[in-house]
Amino acid sequence: MKVQLPSWKKDTPVAIQELLNSFFEKLQPRAKIDLDDWSDKFRFLPESTSSEPGQWRTDRFPYLREIMKCLSPSSRARTIDVMKGAQLGFTELMICWMLYT
């Protein structure tokens, strides 16, 4: 849904029109993006806690992708059960989820 910008009176200064237009454009709803895509785009792993700091790459953890898809708003899942081993990235997945929401 696109926010319709108001029509300005002829005597409204151009700078104010541009300022208000950019303000109203920011009111646009965010595009719906799944957790795995969001994490790939916005999540960075810090040097202090990660053996591989830098940009999060879901491809590095392919076994987490389905869980991340189930945690996304586009999923119809209401309950998610996970059986996992230790040190497999689940805590980082939960951090991604908390930052996402």
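**Close-up views of a predicted model**

**View 1. Surroundings of C70.** Leaving out residues up to four places away in sequence, C70 touches S75, A77 and I80. The structure shown in this and the following views is a predicted model. C70 lies in helix α3. With a relative accessibility of 26%, C70 counts as partly exposed. The C-alpha atoms of C70 and D36 are 9.9 Å apart in space, while the two residues are 34 apart in sequence.

View 2. Is C96 buried or exposed? C96 has a relative accessibility of 0% and therefore counts as buried, the cut-off being under 20%. C70, at 26%, is above that cut-off and counts as partly exposed. A disulfide is a covalent bond between the sulfur atoms of two cysteines. With a cut-off of 2.5 Å between cysteine sulfur atoms, the count for this model is 0 disulfides.

**View 3. The largest nonpolar core.** This core has 12 residues: L35, W38, L45, W56, F61, L64, I67, M68, L71, L93, C96 and Y100. At least two of its residues come from each of α2 (35–42), α3 (62–70) and α4 (90–100). I67, one of the core residues, is in contact with V82 and L93 when residues up to four places away in sequence are not counted. In soluble globular proteins, nonpolar side chains tend to be buried together.

**View 4. Packing of α2 against α3.** The axes of these two helices are 7 Å apart and meet at an angle of about 110°. Because angles from 65 to 115 degrees count as roughly perpendicular, α2 is described as roughly perpendicular to α3. Which residues make the contact? From α2 they are L35, D36, D37 and S39, and from α3 they are R65, M68 and K69. Sorted by class, the contact comprises 2 nonpolar, 1 polar and 4 charged residues. L35 and M68 also belong to the largest nonpolar core.

**View 5. R43 in its loop.** R43 is located in the loop between α2 and β1 (44–45). The relative accessible area of R43 is 6%, so this residue counts as buried. Which residues does R43 contact, apart from its neighbours within four places in sequence? They are W38, G54, Q55, W56, E92, I95, C96 and L99. Among them, W38, W56 and C96 are members of the largest nonpolar core.

Technical notes. Residues are numbered from 1 along each chain as its sequence is written. This is a predicted model: local features need pLDDT of at least 70, side-chain atom pairs count only at pLDDT 80 or more; totals for chains, interfaces and linings use all residues. Side-chain values use heavy atoms; hydrogens and water are left out. A nonpolar core is a set of buried Ala, Val, Leu, Ile, Met, Phe, Trp, Tyr and Cys residues joined through side-chain atoms within 4.5 Å. Buried means under 20% relative accessible area, exposed over 50%, partly exposed in between (1.4 Å probe, protein chains only). Helices (H or I, at least four residues) and strands (E, at least two) are DSSP runs, numbered from the N terminus. Contact means heavy atoms within 4.5 Å. Axes are lines fitted to C-alpha atoms, for helices over the stretch in contact, and angles run from 0 to 180 degrees between N-to-C directions. Angles under 35 degrees count as roughly parallel, over 145 as roughly antiparallel, 65 to 115 as roughly perpendicular and the rest as oblique. Ala, Val, Leu, Ile, Met, Phe, Trp, Tyr, Cys and Pro count as nonpolar, Asp, Glu, Lys and Arg as charged, and the others, Gly among them, as polar.
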